[in-house]
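Please look over the structure below before reading the briefing.

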Amino acid sequence: MTTSMLDRAIYSYSDVDRLVGLHGGTARRWLDGYSRAGKFYEPILREASTGTEVVTWGEMVEARLLAEFRSRDVTVQKLRPAIEQLREKFGRYPLALARPFLEVEGRELVQVVQEEVGLDRSLQLVVVRNGQSMLTAATERFSDSVQYVDGAAGRIQPDPRTPFVVMDPARTFGQPAVRNVRTEILAGDYKAGSSRDELADLYELTLDQVDEALRFELIVSSDRAA
């Protein structure tokens with residue numbers, strides 16, 4: 001996995017909202033900042049607002065992690081100072097790299113940053129247990145969903161309930177797919193009248209794979225409507 005792959009611009013803000021399960025407009029606020037009551041809030045996942053309408057693979061992956069920390073009790077905006085420092089230590093997409101989460105030295109660096117910025121415990125990426133830096137439950141859920149390639153996120157499982165469905169920036173334009181067949185295509189064909197058996201035969205998939213693709217599209221539709 002090269003940096004250029006993380007830089008691949010293949011999504012829209014609405015794609016991120018849909019695929020990560022965010023309320024409409026959230027991805028734009030996280031990535032390009034927003035104004036409220038005359039005050040401008042800087043983006044969380046970018047160094048500064050760019051005004052661009054496209055989202056990179058690296059930004060999509062980082063938004064997937066932030067989605068694990070959504071809560072009514074604390075705003076993820078408070079993560080910004082920590083992410084700024086992590087960017088200085090690890091590079092442009094610190095949350096899309098393996099090193100901060102899978103390497104002991106990386107987790108220790110994250111812990112130092114959290115302490116320096118006084119990060120709220122509910123937003124911490126790592127915690128110290130028995131003298132060792134360990135992933136928090138939210139970060140572990142995220143890391144478990146990622147397949148790292150050459151130290152960076154190469155594929156991601158958008159929802160743990162549908163393990164056959166993956167997102168890969170090098171295939172199907174990074175859209176959720178089962179064996180390179182986009183889930184939205186399968187769902188569209190199913191709504192148009194194709195049976196599960198017909199879809200499995202046409203796309204050379206198992207019935208379980210077809211069912212998971214359809215289930216995933218139901219999940220993201222439900223999240224978007226919530």
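At what angle do helix α9 and helix α10 cross, and within what distance do their axes come? Helix α9 (residues 183-191) and helix α10 (residues 196-203) cross at roughly 135 degrees, and their axes come within 10 Å. This is a predicted model, in which local features need pLDDT of at least 70 and side-chain atom pairs count only at pLDDT 80 or more, while totals for chains, interfaces and linings use all residues. Residues are numbered from 1 along each chain as its sequence is written, and side-chain values use heavy atoms, with hydrogens and water left out.

**Terms for the helices**

- Helices (H or I, at least four residues) and strands (E, at least two) are DSSP runs, numbered from the N terminus.
- Axes are lines fitted to C-alpha atoms, for helices over the stretch in contact, and angles run from 0 to 180 degrees between N-to-C directions.

**Helices α9 and α10**

- The angle makes α9 oblique to α10; angles under 35 degrees count as roughly parallel, over 145 as roughly antiparallel, 65 to 115 as roughly perpendicular and the rest as oblique.
- The crossing of α9 and α10 is right-handed: a crossing is right-handed if the near helix is turned clockwise from the far one by less than a right angle, and left-handed if anticlockwise.
- I185, L186, D189 and Y190 of α9 are in contact (heavy atoms within 4.5 Å) with R196, L199 and Y203 of α10.
- The contact of α9 with α10 has five nonpolar, no polar and two charged residues; Ala, Val, Leu, Ile, Met, Phe, Trp, Tyr, Cys and Pro count as nonpolar, Asp, Glu, Lys and Arg as charged, and the others, Gly among them, as polar.

**Helices α2 and α4**

- The axes of helix α2 (residues 13-20) and helix α4 (residues 57-67) lie 10 Å apart, at an angle of about 40 degrees.
- α2 and α4 are therefore oblique to each other, and their crossing is right-handed.
- On the α2 side the contact is made by D15, V16, L19 and V20, and on the α4 side by M60, A63, R64 and A67.
- Six residues of the contact of α2 with α4 are nonpolar, none is polar and two are charged.

**Helices α5 and α7**

- Helix α5 (residues 80-90) packs with helix α7 (residues 104-117) at an angle of about 140 degrees, and the axes are 9 Å apart.
- α5 and α7 also have a right-handed crossing.
- P81, A82, Q85, L86, K89 and F90 of α5 meet G106, L109, V110, V113, E116 and V117 of α7.
- Eight nonpolar, two polar and two charged residues make up the contact of α5 with α7.

- On a 1 Å grid over the protein atoms alone, a cavity is a set of points where a 1.4 Å probe fits but cannot get out, and a pocket is an open set with protein on both sides within 12 Å along at least five of seven lines; lining residues have an atom within 4 Å of a point.
- Grid points are joined across faces, edges and corners, and a volume is the space filled by probe spheres set on the points.
- The largest pocket holds about 870 Å³ of space.
- Its lining has 35 residues, and G21, L22, W30, A67 and R70 lie nearest the centre.
- Helix α11 (207-225) gives the largest share of the pocket lining, four residues.
- The structure holds one cavity of 30 Å³ or more, and the largest cavity has a volume of about 40 Å³.
- L19, V20, M60, R64, I156, P158 and M167 line the largest cavity, with α2 and α4 the elements that give two or more residues.
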